Amino acid sequence: MHLETIRDYKLADWKYEKIMKEIFDFEQQLDDQHEIALNLASFGSNILLNVVHIEYQNPDILYFFGYVNGTYSQLIQHVSQLNFLLTSVPKDDPTKPPRRIGFQVNNEEK
């Protein structure tokens with residue numbers, strides 16, 4: 001008897017996949033002079049995070065890695081707190097290709 005796995009849409013992996021799809025679609029609109037960044041508004045002030053990598057840990061944590069004011073940073077976010085603005089920013093180094101967030105969705109449990 002073959003049992004089919006039932007998808008739990010409340011888990012972080014589902015949110016991760018949805019976020020990565022939105023990021024991919026947004027990056028497709030950017031030119032070679034701009035990169036994606038997240039404008040975070042939940043810390044009492046606006047923080048711009050130039051994202052380079054995203055991970056998840058089920059059941060409910062997402063990790064955003066990138067740079068805030070040139071300093072490497074990590075945001076640890078509960079899935080119920082997701083609220084950010086995707087925005088574009090000029091590249092830091094015009095001689096290098098634009099940094100894109102990896103678009104490989106890994107369905108393995110982390």
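In this predicted model, arginine 7 and aspartate 13 pair up through their side chains in a salt bridge, at 3.9 Å from N to O; the term covers a side-chain nitrogen of Lys or Arg within 4 Å of a carboxyl oxygen of Asp or Glu. Local features need pLDDT of at least 70 and side-chain atom pairs count only at pLDDT 80 or more, while totals for chains, interfaces and linings use all residues. Residues are numbered from 1 along each chain as its sequence is written, and side-chain values use heavy atoms, with hydrogens and water left out.

Arginine 7 also picks up glutamate 17 in a salt bridge, here at 2.9 Å from N to O. Glutamate 17 sits in helix α1 (residues 12-27) and arginine 7 in the segment before α1, so this pair ties together parts 10 residues apart in sequence. Helices (H or I, at least four residues) and strands (E, at least two) are DSSP runs, numbered from the N terminus.

As for accessibility, aspartate 13 is buried at a relative accessible area of 11%, and glutamate 17 is buried too, at 15%. Arginine 7 comes out partly exposed, at 32%. Buried stands for under 20% relative accessible area, exposed for over 50%, and partly exposed for anything in between (1.4 Å probe, protein chains only).

Elsewhere, glutamate 35 forms a salt bridge with arginine 99, with 3.4 Å between the closest N and O atoms. That pair links distant parts of the chain, 64 residues apart: glutamate 35 is in strand β1 (residues 34-40) and arginine 99 in the segment after β5 (84-90). Glutamate 35 is buried, at 5% relative accessible area, whereas arginine 99 is partly exposed at 25%.
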